[in-house]
Amino acid sequence: MGQLSEKHSRPDLEFVDEAPLSSDASYSARARKNFESVSERVANLIEKAKVQKAKKSKSSVDYSKGKPNAHCGICVHYEEGSCKLVSGEIEPDMWCELFEPRGE
Ligand code: SF4
């Protein structure tokens, strides 16, 4: 006769073959939440990469020193150190050929 597994050789211990339903449900809920969180982050990264890829390079739009009445800081495309149309870090006192003044 073969050797009994620990489960069968210890009748004094209660083994649970399957975790209680509430534990499975909790695990599934956490796993689904983690999956959704990771999926959302991946989707955001893909979207950022698409936007970044679609932006023009500074050299292609003649990014250079701006003028008092024409610079990134007052352009509709400027957003806190970056530009919706041009890639890379954007200084508020610079400008490019895509400049469009804010209509404030
Ligand atoms: S001037 Fe050009 S680089 Fe600057 S914010 Fe506007 S579009 Fe972007």
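**Exercises on a predicted model**

Buried residues (20 or more other C-beta atoms, placed from the backbone, within 10 Å of their own) make up 9% of the 104 residues in the protein. The model is predicted: local features need pLDDT of at least 70, side-chain atom pairs count only at pLDDT 80 or more, and totals for chains, interfaces and linings use all residues. Residues are numbered from 1 along each chain as its sequence is written.

**Exercise 1.** Locate H71 and explain why H71 is classed as buried, exposed or partly exposed.

*Solution.* H71 lies in the loop between β1 (64-65) and β2 (78-79). Next, 19 other C-beta atoms are found within 10 Å of H71, so H71 is partly exposed, the class between buried and exposed (12 or fewer). Contacts (C-beta atoms, placed from the backbone, within 7 Å) follow: leaving out residues up to four places away in sequence, H71 touches G66, P92, D93, M94 and W95. Finally, H71 and F99 are 28 residues apart in sequence, with a C-alpha to C-alpha distance of 7.4 Å.

**Exercise 2.** State what share of the contacts with a separation of 6 or more comes from residues 24 or more positions apart.

*Solution.* Such residues account for 55% of these contacts in the protein.

Terms used
Contact = placed C-beta atoms within 7 Å. Helix = DSSP H or I, 4+ residues; strand = E, 2+ residues; numbered from the N terminus.
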